[in-house]
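Open the model in your viewer and keep the selection tool at hand. We will take a short tour, one selection at a time.

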Amino acid sequence: MEARVERAVQKRQVLFLCVFLGMSWAGAEPLRYFVAEETERGTFLTNLAKDLGLGVGELRARGTRIVSDQNMQILLLSSLTGDLLLNEKLDREELCGPREPCVLPFQLLLEKPFQIFRAELWVRDINDHAPVFLDREISLKILESTTPGAAFLLESAQDSDVGTNSLSNYTISPNAYFHINVHDSGEGNIYPELVLNQVLDREEIPEFSLTLTALDGGSPPRSGTALVRILVLDVNDNAPDFVRSLYKVQVPENSPVGSMVVSVSARDLDTGSNGEIAYAFSYATERILKTFQINPTSGNLHLKAQLDYEAIQTYTLTIQAKDGGGLSGKCTVVVDVTDINDNRPELLLSSLTSPIAENSPETVVAVFRIRDRDSGNNGKTVCSIQDDLPFILKPSVENFYTLVSEKPLDRERNTEYNITITVTDLGTPRLKTEHNITVLVSDVNDNAPAFTQTSYTLFVRENNSPALPIGSVSATDRDSGTNAQVIYSLLPSQDPHLPLASLVSINADNGHLFALRSLDYEALQAFEFRVGATDRSSPALSSEALVHVLVLDANDNSPFVLYPLQNSSAPCTEPLPRAAEPGYLVTKVVAVDGDSGQNAWLSYQLLKATEPGLFGVWAHNGEVRTARLLSERDAAKQRLVVLVKDNGEPPRSATATLHVLLVDGFSQPYLRLPEAAPDQANLLTVYLVVALASVSSLFLLSVLLFVAVRLCRRSRAAPVGRCSVPEGPFPRHLVDLSGTGTLSQSHQYEVCLTGGSGTNEFKFLKPIIPNLLPQSTGREVEENRPFQNNLGF
């Protein structure tokens, strides 16, 4: 409600301002230009640039045009010189009829900035029409008893010219009986009267034939003639006399053809034919004769054609009553045409600006003028547009309006507006006119490209083929044209160690991402980068999104046996007491897999054995245990082949060869063989002790070497907690060596493959305190950190 009141107050203030401007504008004298009718087309009238005090270039730049109510293209404005030229030959009588002066108003409209000047073209009359009598022969009957000095009304001539060129005098051929008196009707018309000079004698001259000449005031003058035939009659001493000398009547312009306007009445005291009255028009114009007709007997005046208030508002008719004796009387009938609301308002569009750039401030969209040919309230108009549009109407002077954008437009919300301008008059009933305007909104680069997601996650399986798509990003721009065309690019990586330019590329047109090289999960499990989307406008707008790439593991690594070492020149032999119970842990096969997930889940299987039923291998942890009691018949040396297989698809596998030596106890490392002498058995025991001492020394040396290497690598900013072996294809694993079997206590070691040696030799490095690690649960794989494989035994 408050918004409506505020809008009403604003409209009232605009109306008061427009009324004030209109009054001040109306008080200014219009520019006047004069031209004679029949002037040739292209005649120079004036230089508007000089008249308005403007330069020729300024006049053209301000969008000057000529606007007139009649929409007649009678004037031509040269945009190059500022000259106002006549566009066609003018006929003053056709343009203005009897109206004098003949003034054709028009307006000079300057659009940028908006300004209006009034101007008038005055068309001067030339003597291009001669007086014409509608009846070339005029008949009069005059009683011979008529007293000298009696006057007889004659039909007047018609002259389309005005002013000095119009009808100015009448003459009659010289004779002794009659002369002409010229009278002014008071309305700008003159009519002749035939005046009797002396008494007539019918027996002497029963008839006269005289020539009536009508002269205009032109130079040279033009003339027209009519023959006046005078018949001398016997005495008729009473002329018809009208009841009223003046009749005034108002007739609506929509009166039907044939309707009666007024009834005039005259009386004659004579009898017989001298008392019979006939009614007729006297010196009627051609327009009157086309519009009205009178009944010669009854005197009823009827419409012969449709009236039009906008063309003629008043008709003045002179009606003559003649009796049978030739005497006549006259009266005047004034017909006032009353206006009805029969003309719809007209909208005359002067200029239209379309399209309009979005985000533009207040902009003049259209300039137009409202015209209603009716009068009074029938000619007053109200102009409006729809309420839900970002446009307002501003009234200006002389019924001009400007359609102005109320606020900056948004093309992404509306690309065009269909505006209906409704013009309603205040007549009864009210008439209205609707004019539709389509205003297009042109695009401005005010929207940056927007990605469909703020971040993208792409999954790529390792060992992928280079240059194949790994995914795509997509961004849209709400603008149009080049402002909406998106270019994709890779943004510089924030990680200086990530060689982004050699990893991925992006298609600038469609956002497709490509891997430039085959990815290795064991070397790089995940990386991220940012992509940008930029439009093609200037200046360009852009946005960015984050892309996460996760490398999926493929089963491309076979299990690798850590223990027993398979590349050793001297095979490792595991001692087994002959008194071992079933289930005795002989040794444990330790293997790792460079893959992750189920590709690194290992299972163990006894593939070959010297005594197939003597040993068994636990499938989940690789423990080799006895399946039964040993007997004297079992061979002292046993060779086992264990198959290690991962859970990938397809699965990969490796084999480990174990050598088991059956002994009577650990105090006697070797069994006494039947073919061996006692001295040889003692020598074998010495060898075993030396071998154990050597292994212990090597182990201690390895630990010290590992600590030294690790401290050196840390000084080189190697990642904390990672096994720092350059170019190594395997990540770190924790190896759990149980205290059962040949090992006296439980240990966990960091194990790394050395790269570049060509031998793929494993190194057992830093021991980890056993009581800080969880007890083995029987699973062979345990997660240690996101990108490492854990081996549990």
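A disulfide is a pair of cysteine sulfur atoms within 2.5 Å. Such a link is a covalent bond between the sulfur atoms of two cysteines. Keep in mind that this is a predicted model.

**Stop one: the disulfide**

How many disulfides does a search of the whole structure find? The search finds 1. Select Cys96 and Cys102 and show their side chains. These two cysteines form a disulfide, with their sulfur atoms 1.8 Å apart. Now look along the S-S bond. The link of Cys96 and Cys102 is right-handed, with 65° about that bond.

Is Cys96 buried or exposed? Its relative accessible area is 6%, so Cys96 is buried, the cut-off being under 20%. Cys102 is buried as well, at 1% relative accessibility.

**Stop two: two further cysteines**

Select Cys331. Cys331 is buried, with a relative accessible area of 1%. Then select Cys383. Its relative accessible area is 16%. That value is under 20%, so Cys383 also counts as buried.

**Stop three: Gln107**

Move to strand E6, which covers residues 102–110. Select Gln107, which lies in this strand. Gln107 is buried, at a relative accessible area of 5%.

Which side chain makes a polar contact with the side chain of Gln107? Select Arg369: its side chain makes that contact, at 2.8 Å.

Finally, show what surrounds Gln107. Leaving aside neighbours within four places in sequence, Gln107 is in contact with Arg65, Ile66, Val67 and Ser68, with Ile116 and Phe117, and with Arg369 and Phe400.

Note on methods:
Residues numbered from 1 in each chain as written. Predicted model: local features only at pLDDT ≥ 70, side-chain atom pairs only at ≥ 80, totals over all residues. Heavy atoms only, no water. Helix = DSSP H or I, 4+ residues; strand = E, 2+ residues; numbered from the N terminus. Buried < 20%, exposed > 50% of the residue type's maximum accessible area, 1.4 Å probe, protein only. Polar contact = N/O pair within 3.5 Å; in protein donor to acceptor, adjacent residues only side chain to side chain. Contact = heavy atoms within 4.5 Å.
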